[in-house]
Amino acid sequence: MEQEWTGRWNHAISFLQGVCKILVIGAGGLGCELLKDLALLGFKNIDVIDMDTIDISNLNRQFLFRAKDVGRAKAEVAAEFINKRVPGCNVTPHYDKIQNFDEAFYRKFHIVVCGLDSIVARRWINGMLIGLLNYEDGELDQSTVIPMIDGGTEGFKGNARVILPGLTACIECTLDLYPPQINFPLCTIAHTPRLPEHCIEYVRILLWPKENPFGGVVKRIIPAVASTNAVIAAACSTEVFKVATSCCLPLNNYMNFNDAEGIYTYTFEVQKKEHCLACSNIPQTLSFSENNKLQDIIDYLVESLAYQMKSPGITTSMNGKNKTLYMQTVKSIEEKTKENLKKTLKDLGLVDGQELYVADPTTPSSVSFKLNLGSSMEH
């Protein structure tokens, strides 16, 4: 029995050190801690993606960076540091956006680990991993599941979670747990400021780039402290080790951490959402009146806690041809379609049961909706 156990353990360690490919997304405060922990746990093949460069405000909590590194790509500097300090570890950097890599790239990895400060990026990679799943006669082919270990920190609070795409609750299932991002219209902060926040945003957006008074950095964030990053990275790295080696059951499936006043932590199981936008495979329905305007649908997709889209573009099929109703992300198309926002759904020729295809930066592929046209708007 002891020999059998030893053989299995040696096989698991051999897989961890030689075969297992880990992708770390984010090389900031949490990402630096994740890279260090994973390297010291024995993972040898690690890729890291980050689209940012190092600025001076990073140095107090992103410990792989030094003053001489300011201006360089975070991913490249972090990879150099780990490769130099941990013999045998091979960290490959990618100074790019996650959206610039295709399915073939992500399919190469056994586990994806996220140390992000962006909800949009989390949702995008969540959608990508769900898109890689294969189903046979309605049954999920579990060999296509790439586990995602997600960590998040803000101030003295943090969380870690284990997501098995198609099997457990995904990012979209718990989207309403994230607070909606607050943005102020530029016309308000420039011409009719009514709150202290408006004045701060006026300085941050309009004045600071022009005057650059201190040659430093101004950001609208609540940065995590180094100790919080260390705790959450340790929790995430432990879950990566569990998943890679099957040495014990992984977290099921969400852990919260708070050390603002003492230390408090608890775990609970987040349930899959029956009508999840990403993983339920159930068609989404949009219920509106034919007298509603296209702008009403756009506003709903952006403001709804269920969808929280950023800049949705809508297309449909009419008479066998694709028709773009509105698309904001391409300026030339936006100019041609913005008049549609003022038109009613009836004027646009949309009928009950029509399918709308919505593209948004929060997801790598379009989402299909079925239009339910009633006498009044019902969501």
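The following dialogue asks how labels in a predicted model were assigned.

Biologist: What are the ground rules for this predicted model?

Modeller: Local features need pLDDT of at least 70, side-chain atom pairs count only at pLDDT 80 or more, and totals for chains, interfaces and linings use all residues. Residues are numbered from 1 along each chain as its sequence is written, and side-chain values use heavy atoms, with hydrogens and water left out.

Biologist: How many helices and strands are there, and what makes a run count as one?

Modeller: The protein has 10 helices and 15 strands. Both are DSSP runs numbered from the N terminus: a helix is H or I over at least four residues, a strand is E over at least two.

Biologist: Why is the radius of gyration said to agree with a compact globule?

Modeller: The radius is taken over C-alpha atoms, and the globule rule is 2.2 Å times the number of residues to the power 0.38. For 379 residues a compact globule would come near 21 Å; the protein has 23 Å, and therefore the two agree. The C-alpha trace spans about 75 × 65 × 40 Å along its principal axes.

Biologist: What share of the residues is buried, and what does the word require?

Modeller: Buried residues are 46% of the 379. Buried means under 20% relative accessible area, exposed means over 50%, and partly exposed lies in between, with a 1.4 Å probe and protein chains only. The protein exposes about 20,100 Å², of which carbon and sulfur atoms supply 52%; the areas come from the Shrake-Rupley method with a 1.4 Å probe.

Biologist: What share of the contacts joins residues 24 or more positions apart?

Modeller: Among contacts with a separation of 6 or more, such pairs account for 63%. A contact means heavy atoms within 4.5 Å.

Biologist: Why is Ile232 called buried?

Modeller: Its relative accessibility is 0%, so Ile232 counts as buried. Ile232 lies in helix α8, residues 226-245. Beyond its neighbours within four places in sequence, its contacts include Leu30, Thr153, Asn159 and Phe257. Thr153 is 79 residues away along the chain, yet the two C-alpha atoms are separated by 7.4 Å.

Biologist: What makes Asn159 buried or exposed?

Modeller: Asn159 has a relative accessible area of 15% and is therefore buried. Asn159 is found in strand β8, residues 157-163. Leaving out residues up to four places away in sequence, Asn159 touches Ile232, Tyr254 and Met255, among others.

Biologist: How do you know that strand β2 is mostly covered?

Modeller: Six of the six residues of β2 (residues 45-50) are buried. Asn45, Asp47 and Ile49 point one way, Ile46, Val48 and Asp50 the other way, and all are buried.

Biologist: What makes β1 and β2 a pair?

Modeller: Two strands pair if DSSP finds at least two bridges between them. Strand β1 (residues 21-25) and β2 have five bridges, in the parallel sense, and Lys21 stands opposite Asn45.

Biologist: Which strand pairs with β11, and over how many bridges?

Modeller: β11 pairs with β15 (residues 367-374) in the parallel sense over six bridges. Leu286 stands opposite Leu371 in β15. Five of the six residues of β11 (residues 284-289) are buried.

Biologist: Why is Ile56 called exposed?

Modeller: Ile56 has a relative accessible area of 59%, so the label is exposed. Ile56 lies in the loop between β2 and α3 (74-85). Its contacts beyond four places in sequence are with Val70 and Val217.

Biologist: Why do the backbones of Asn212 and Gln308 deserve a remark?

Modeller: Most residues other than glycine have a negative phi, and most peptide bonds are trans. Asn212 has a positive phi of about 40°, and Gln308 one of about 45°. Asn212 sits in the loop between α7 (196-211) and α8; at 40% relative accessibility Asn212 is partly exposed. Gln308 sits in the loop between α9 (294-303) and β12 (313-318); at 8% Gln308 is buried.

Biologist: Which peptide bond is cis, and what is its omega?

Modeller: The bond from Asn252 to Asn253 is cis, with omega near -10°. Asn253 is placed in the loop between α8 and β9 (254-258).
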